[in-house]
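Colleague: I would like to learn how to read the features of a model like this one, beginning with the way its parts are named. Could you take me through them, giving the general idea before each case?

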Amino acid sequence: MGGRSMRSLKRDRRRGTYARATKVLPGGTNSNWRAWGEDTVYVDRGQGALVWDVDGNEFVDLRLGYGPVILGHADPRVDDYVAERMRTGVSFSLTSEDEIRVAELITNLTFCDMARMTVSGTEATMHAIRLARGFTGRDRIVKFEGQYHGVHDYALISVVPNNVDDLGDRDNPVRLTFGRGIPEAVTDTVIPVPYNDLATLRRVFERSGDTIAAVIIEPILGNAQGIRPGEGFHQGVRALTKEFGSLLIFDEVKTGFRVAKGGAAEYFGVTPDLATYAKAMGNGYPAAAFGGRRDIMSLLPERVSHGGTYAGNRVAAAAAGKTLSILRDTDALATIVATGKRIQRELGAIIATRGLPCSFTGVPSMFSVVFSEIVPVEYRGWAEMDNALYDAVAAGMWERGAMPEPDSREPWFICEAHARDDLVDRVVSAFSDSLDAALEARARG
Ligand SMILES: Cc1ncc(COP(=O)(O)O)c(C=O)c1O
């Protein structure tokens, strides 16, 4: 029964590293999202779909750095090219051909007529929002509960609270700031709305439409269990934004170049006005971009501000140029979909034999396992799932050499390098044994 293949994780160096790190890094990390207290993990290295922590524990990586690693860690095709290009100098605050090539690739693969590079997804959404405000002359932004658009002030409203009641009344949600330090003047310009609810969105537009610059949307809720849009939702949002003269921004930081070569816009057959990209475009290097309609993008450089010392730096541009051409010219995405489907099929069979309900949210390259026949359609629905069971299974998988995100809100990510029988088998058996162990523990009370 469950637990037979359990191995004990070594934790000695992790504990020592945590003690050392917390003296100089708040929470012992460079990001709040990685600060897991005593459980904070310190990585040594990665190769393909595997990672090793500082204690030498080996894991099949299903987090992939929250999504960017689309090919695999330390992919030699990308790394060798980046190494070659970076030897010619990295930062000039002048424009290189590598950058032009990235913009050509983005415009070739997506609906965008033009694009500009940034260093992070945060900067990409910040600039897209500013551009939408500059274009429309309006201040307000509509965003959806449970969506994460980075760490600038305008993005940190009604994100992913642990207690969904904090979002307030569903028909009139509060503007819930994620942490202190966000001015009320900023908060007042953001209108949070539950996802997948066109009627509420229409009410918001009828009340305040002439003040709304844009709707920013994660086409699949990549930070909330991979919740998918219902039939016609994106088309409905597209129609509403057009009706009221607002722009539609697809935040494709997680979905871009992952769910299809042309991202979620291609996958769902909906053309937004602007989009933001990051993660998969650089296979883990800090490359990001925003782009869209020529008439909007043409407000740059004269009328709307965008810049950055490191925007388009050689390392990021070379990484993006190489990664995007691999995604364009090879079957990498098809391989990822096939691997994701295979894992889903095998997990589904295991869950069914235990007599439990099961669904998968998201898409095969980025999905969550939900122990329910009904999947959530908005962030508030996440709280109604059997997340305690997921948490126990995820923790068990770590002990057995597979590393999904411990938080049930974050999907599992698949990369090209997962396409190996031994790795898929390891993920599936770690899941199976962990599920049995979790069910046994539950039965024991
Ligand atoms: C949808 C989405 N938008 C924006 C961001 C912010 O990107 P970054 O972490 O590169 O600033 C993220 C990060 O996870 C994201 O998932």
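Modeller: Helices are DSSP runs of H or I with at least four residues, strands are DSSP runs of E with at least two, and both are numbered from the N terminus. This is a predicted model, in which local features need pLDDT of at least 70 and side-chain atom pairs count only at pLDDT 80 or more, while totals for chains, interfaces and linings use all residues. Residue numbers start from 1 along each chain, following its sequence as written.

Colleague: With those names in hand, in which loop does Ser 93 lie?

Modeller: Ser 93 sits in the loop between α2 and α3 (97-109).

Colleague: Is Ser 93 buried or exposed?

Modeller: A residue is called buried if 20 or more other C-beta atoms lie within 10 Å of its own, exposed if 12 or fewer do, and partly exposed in between, with the C-beta atoms placed from the backbone. Ser 93 counts as exposed because it has 11 C-beta neighbours inside 10 Å, whereas Leu 64 is buried, with 28 other C-beta atoms within 10 Å.

Colleague: Which residues does a cis peptide bond join?

Modeller: Leu 300 and Pro 301 are joined in this way, with omega about 5 degrees. Pro 301 belongs to the loop between α9 (294-297) and α10 (314-329).

Colleague: How should I read the length of a helix, and how many residues has α4?

Modeller: The expected span of a helix is 1.5 Å times one less than its number of residues. Helix α4 has 16 residues and reaches 23 Å from its first C-alpha to its last, close to the expected 22 Å. Its buried residues include Gly 121, Met 126, Ala 132 and Phe 135, and the helix is followed by Gly 137, whose phi is positive, near 70 degrees.

Colleague: Which residues come nearest to the ligand?

Modeller: A residue is taken as near a molecule if its C-beta atom, placed from the backbone, lies within 6 Å of it. There are 16 residues around the ligand, of which Ser 120, Gly 121, Thr 122, Gly 150 and Val 253 come nearest. Helix α4 (residues 121-136) supplies the largest share of this shell, three residues. The shell then has five nonpolar, eight polar and three charged residues.

Colleague: How many residues has the largest nonpolar core?

Modeller: A nonpolar core is a set of buried Ala, Val, Leu, Ile, Met, Phe, Trp, Tyr and Cys residues joined through C-beta atoms within 7 Å. The largest one has 117 residues, and those with the most contacts inside it are Ala 132, Ala 214, Ile 249, Tyr 277 and Cys 415. This core draws at least three residues from each of domain 1 and domain 2. Two residues are in contact if their C-beta atoms, placed from the backbone, lie within 7 Å; Ala 132, residues up to four places away in sequence not counted, touches Ala 213, Ala 214, Leu 247, Ile 249 and Leu 274.

Colleague: Where do domain 1 and domain 2 fall in the protein chain?

Modeller: Domain bounds come from an automatic or database domain assignment, which here gives domain 1 (12-73 + 331-444) and domain 2 (76-329). Their C-alpha centres lie 25 Å apart, and 27 residues of domain 1 are in contact with 33 residues of domain 2. On the side of domain 1 that touches domain 2, the elements giving two or more residues are α11 (332-353), β11 (359-363), β12 (366-370) and α12 (379-382). Strand β12 gives the most, with four residues, and the residues of that side divide into 16 nonpolar, seven polar and four charged.

Colleague: What does Trp 382 touch?

Modeller: Trp 382, which is found in helix α12, touches Ala 224, Gln 225, Pro 376 and Arg 409, leaving out residues up to four places away in sequence. Trp 382 counts as buried because it has 22 C-beta neighbours inside 10 Å.

Conventions. Ala, Val, Leu, Ile, Met, Phe, Trp, Tyr, Cys and Pro count as nonpolar, Asp, Glu, Lys and Arg as charged, and the others, Gly among them, as polar.
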